[in-house]
Amino acid sequence: MSELKSVTWPPVPIRTERLVLRESKARDRVTFIELLASPEVHTYLGGPRPRAELEREVPEVPGQWPGCFVVELDGAMIGEILLRRAPEHGRPAAEGKVDLGYLFLPRAWGLGYAAEACTAALDWLDGVLPGEPVVLHTQTANVGSMRLAGKLGFTEVERFRAWDAEQWLGLRSPVTPYA
């Protein structure tokens, strides 16, 4: 299961101090393409996709599935948060758990937006699926992502080699609801 099918979607937009997490709209298509075509964004993700290919393949309204949040700052998309089930054929420690992913435009890096948005998305997840464990994958060479994983409370489960690089798998223990 790649989606969070048991969750009512889309949720009411989530507002943080500076950001809004919301469902995707047609106006976000240009930014989705920018994210997927960016060499900087995809340094640790296998490289960018060709812009011409993305222009043909990205739907009019991209990211229309449960767990895909557009991250908006001052009315403009700056990134996306993905919460989806880890594949059944992936790492055994991750199978069936919710996997947190995120992409932000380079101009939004280093300003705390990723931590703010991921925290809000994880808080939302804790509310709709209490007790759900969450995993995060990143390359160990991606220092910013490793730092963010620590800030979000992920602890290392394993390191492994894939895609010609050392990968890191972290687990965020479920938040236990109060009885």
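## Salt bridges across the chain

A search of the whole structure finds 13 salt bridges, a salt bridge being a side-chain nitrogen of Lys or Arg within 4 Å of a carboxyl oxygen of Asp or Glu. The structure is a predicted model, in which local features need pLDDT of at least 70 and side-chain atom pairs count only at pLDDT 80 or more, while totals for chains, interfaces and linings use all residues. Residues are numbered from 1 along each chain as its sequence is written, and side-chain values use heavy atoms, with hydrogens and water left out.

One of the salt bridges joins the side chains of Arg107 and Glu34, at 3.4 Å from N to O. Arg107 lies in the loop between S5 and H3 and Glu34 in helix H1 (residues 29-37), so this pair ties together parts that are 73 residues apart in sequence. Helices (H or I, at least four residues) and strands (E, at least two) are DSSP runs, numbered from the N terminus. Arg107 counts as exposed because its relative accessibility is 58%, and Glu34 counts as partly exposed at 28%. Here, buried means under 20% relative accessible area, exposed over 50%, and partly exposed in between (1.4 Å probe, protein chains only).

## Further charged pairs

The side chains of Arg85 and Glu132 also meet in a salt bridge, at 2.4 Å from N to O. This pair links distant parts of the chain, with Arg85 in strand S4 (residues 76-85) and Glu132 in the loop between H3 and S6, 47 residues apart. Arg85 counts as buried at 14% relative accessibility, and Glu132 is buried with a relative accessible area of 14%.

Arg91 forms a salt bridge with Glu158, and the closest N and O atoms are 2.8 Å apart. Because Arg91 lies in the loop between S4 and S5 and Glu158 in strand S7 (residues 155-162), the pair ties together parts that are 67 residues apart in sequence. Arg91 counts as partly exposed, with 30% relative accessibility. A network of salt bridges links Arg22, Arg27, Asp28 and Glu72. Side chains of opposite charge can pair when their charged atoms come close.

## Overall form

The secondary structure of the chain comes to four helices and eight strands. From the N terminus on, these elements run β-β-α-α-β-β-β-α-β-α-β-β. The C-alpha trace spans about 45 × 40 × 30 Å along its principal axes. A compact globule of 179 residues would have a radius of gyration near 16 Å, and the chain agrees with this because its own value is 16 Å; the radius is taken over C-alpha atoms, and the globule rule is 2.2 Å times the number of residues to the power 0.38.

Of the 179 residues in the chain, 47% are buried. Among contacts (heavy atoms within 4.5 Å) with a separation of 6 or more, 63% are between residues 24 or more positions apart. The chain exposes about 9,400 Å², of which carbon and sulfur atoms supply 54%; accessible areas come from the Shrake-Rupley method with a 1.4 Å probe, and for residues only the protein chains shown count as cover.

Strand S1 (residues 14-15) and S2 run antiparallel and are joined by two bridges; two strands pair if DSSP finds at least two bridges between them. S1 and S2 form a hairpin with three residues between them, and Ile14 stands opposite Leu21 in S2. S2 is also joined to strand S3 (residues 68-73) by four bridges, again in an antiparallel arrangement. In this pairing, Leu21 stands opposite Val71 in S3.

In a regular strand the side chains alternate between the two faces of the sheet. In S2 (residues 19-22), Leu19 and Leu21 point one way and Val20 and Arg22 the other way, and all are buried.

In helix H4 (residues 143-151), Ser145, Leu148 and Ala149 are buried. Seen down the axis of H4, its buried residues fall within an arc of 105°, so they line one face of the helix; the arc is that of the directions from the helix axis to the C-beta atoms. The face of H4 turned away from its buried side carries the exposed residues Arg147 and Lys151. The buried residues of H4 pack against strand S5 (98-104), helix H3 (113-128), strand S6 (134-139) and strand S8 (165-172). Just after H4, Gly153 takes a positive phi of about 90°.

S6 is largely enclosed by the rest of the structure, because five of its six residues are buried. S5 and S6 pair in the parallel sense over two bridges, and the bridge partner of Val98 in S6 is Val134.
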